[in-house]
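I opened this entry to note what I looked up on strands and on aromatic rings.

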Amino acid sequence: MKLLYTLTGLSLCLLIFTPKLQACSCAYVETFCTDTIHTHLIIYGKKVRRENGGMRVEVLQTLHGNVDGQSLFVRDGDGADCGMFTNDFGNGKEFIFALSPDWRESQGQSGNMISNCGIKVLEVESGMV
């Protein structure tokens, strides 16, 4: 009986936690350092504020692609989706972002993601990258 409870508990844990434990695939890693990045959007921007599920970025300059408006939403990743968490970006800090399209909506907004595969973010400080 004890074995049955143990197996049932393990099965439930696998069902609950498996989506978060899936490894993201970083095949064909592109980076600012070694390769040309082939993302749909590269911007020079400033983090304005934390938003529920991500961050709001003011677009200072579009380096590649098209941007609708002067700001855009960058969604938090959860690790399994190869997306980077956005909590560590400081408000008012400037970055060059290579963004990937968001495949789901977060809090009713579609947006972009920053891949955690390779180097997809460069910090800009006093005009220096």
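Which residues form one aromatic cluster? I find that Phe89, Phe95 and Phe97 form it.

Before going on, I note that this is a predicted model, in which local features need pLDDT of at least 70 and side-chain atom pairs count only at pLDDT 80 or more, while totals for chains, interfaces and linings use all residues. Residues are numbered from 1 along each chain as its sequence is written, and side-chain values use heavy atoms, with hydrogens and water left out.

For the rings I used the rule that those of Phe, Tyr and Trp (its six-membered ring) pair if their centres lie within 6.5 Å, with planes under 30 degrees apart stacked, over 60 edge-to-face and the rest tilted. I count 3 aromatic pairs by this rule. The ring centres of Phe95 and Phe97 are 5.5 Å apart and their planes stand at 45 degrees, so I list this pair as tilted. Phe95 and Phe97 are both buried (under 20% relative accessible area, with a 1.4 Å probe and protein chains only).

I then turned to the strands (DSSP runs of E, at least two residues, numbered from the N terminus), which pair if DSSP finds at least two bridges between them. Strand E1 (residues 41-51) runs antiparallel to strand E2 (residues 54-64), and 9 bridges join them. In the hairpin that they form, 2 residues lie between the strands, and Gly53 in the turn has a positive phi of about 90 degrees. Glu51 has Gly54 of E2 as its bridge partner, and Gly54 in turn has Arg75 of E3 as a bridge partner.

E2 also pairs with strand E3 (residues 71-75), in the antiparallel sense and over 5 bridges. Their hairpin has 6 residues between the strands, and there I noted Gly65 with a positive phi near 95 degrees.

Key
Helix = DSSP H or I, 4+ residues; strand = E, 2+ residues; numbered from the N terminus. Buried < 20%, exposed > 50% of the residue type's maximum accessible area, 1.4 Å probe, protein only.
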